[in-house]
Amino acid sequence: MHRHRERSLGIAVRTIPDTTIFDLRKSAQGYRLNKLCGSLCDPKNRDAFRQDEEAYLAKYNLSAAEKDLIRKRDFAGMIHAGMNIYWMLKMGSVTGNSLYRMGAQMRGESDEQFLATRNFKDAV
Amino acid sequence: MPSRVVGGIGLSHVPSVGVAYDRGKMQTPAWKPLADAYIPVRSWLKELAPDVAIVVYNDHGADFMFDKYPTFAIGAAERYGIADEGFGTRPLPEVRGNADFSFHLCESLIADEFDLTVCQEMAVEHGFLVPMNLCFEHAPDGWPVAAVPLQVNVIQHPLPTGRRCFKLGQAIRRAVSSYKEDLKVIVLGTGGMSHQLQGKRFGFMSETFDQLFLDELEKNPEKLAEMSHHELMEKAGAEAVELIMWHVMRGALSPKAKRVHRHYYAPMTTGMGLITFED
């Protein structure tokens, strides 16, 4: 039924190069990762994460591979595994990684290389 | 006299603006161009003196999680708390609501076939608060305007279409004009403009796209609202799809609404747009 039309029913969003579209499939895949990140909106949980990261990771039923992405601060990998970028910002905050640092890493650049591409890098 | 929509504002809601605001950095060279753009907007708002702001925004994982994620959610409370979105709670007064007005909006919009999730508790974060900071000066005990938060899913696809957002705006206009009290209502459409925050394409922006969007929002808003999510994300970055929330604002205005202010500033990773209309 009308499968040739872009706005036809029940068609997943088309891909865009170098981009992850956070759809229901990604959201389901990253559900536990995002649940962990969401919990970091509570300052008590942020303290607990910082005090004993392994114990915190153990509470969210993550796979070994998912835990490893967090241990390695592999932000591109987290996005690929279904973490939503805005939920990842909470992970960034608790681990001392700013949006720009995460972005530079996802681009495969150093912080300095990335900042050099901006119009006015003091607006942070 | 019934209530009426007196104006609309399209504006970006970048979280770093909240940080700059809280740390008193809005007059530094990096932020002054943005702060200056809002000086005439704030004077204009003082003269318009709206009673209520309907703020169309998206939550970024502070109050809505993926266990249940509504497409459209509206606040129906007398007050809205300040959420901790993972970086601490900002030192801002809670936001005054207008529950009776919200109840009317819900009744009218749902009768008009917009099946909103109705929220009697809602805490707001940068998507809502940065636009409030830019447009209004708050006192220690509150804000000069009551607000109705209207949350839109612009994060977890499938998203509502741009056209649906525009029609929601039109329904909001009908709802406002059928409210018994004489309230002046301003509608804020927030988010965007061009930006992408993930993948190798992190940091992508397009001023060309953003300026065209501002042109078309003024001159051909219904046609602009037909743009697919795919086209928007391809031309302006995946996170630019937030711009569909500006269609809600534009749909709430009459065709004769006049554009008053326009500004654009893109220092880091987001094209920050500003456009105002008087109705």
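Start at B:Met245. Leaving aside neighbours within four places in sequence, B:Met245 contacts B:Val56, B:Tyr57, B:Asn58, B:Val152, B:Val154, B:Cys165, B:Gly189, B:Thr190 and B:Gly191. Contact here is C-beta atoms, placed from the backbone, within 7 Å.

A word on the source. This is a predicted model: local features need pLDDT of at least 70, side-chain atom pairs count only at pLDDT 80 or more, and totals for chains, interfaces and linings use all residues. Residues are numbered from 1 along each chain as its sequence is written, with chains lettered from A and ligands numbered from 1 in the order written.

Now the core. The largest nonpolar core has 118 residues. Such a core is a set of buried Ala, Val, Leu, Ile, Met, Phe, Trp, Tyr and Cys residues joined through C-beta atoms within 7 Å. Buried means 20 or more other C-beta atoms within 10 Å of a residue's own, C-beta atoms being placed from the backbone. B:Met245 is among those with the most contacts inside this core, as is A:Met88.

Next, helix H5(B), residues 162-177. Helices are DSSP runs of H or I, at least four residues, numbered from the N terminus; strands are E runs of at least two. The buried residues of H5(B) include B:Cys165 and B:Phe166.

On to H8(B), residues 229-236. Its buried residues are B:His229, B:Leu232, B:Met233 and B:Ala236. They cover an arc of only 95° around the axis, so they sit on the same side of H8(B). That arc is taken from the directions from helix axis to C-beta atoms. Their cover includes helix H6(B), 207-219. B:Gly237 follows H8(B), with a positive phi near 100°.

Note on methods:
A residue is buried if 20 or more other C-beta atoms lie within 10 Å of its own, exposed if 12 or fewer, and partly exposed in between; C-beta atoms are placed from the backbone. Two residues are in contact if their C-beta atoms, placed from the backbone, lie within 7 Å.
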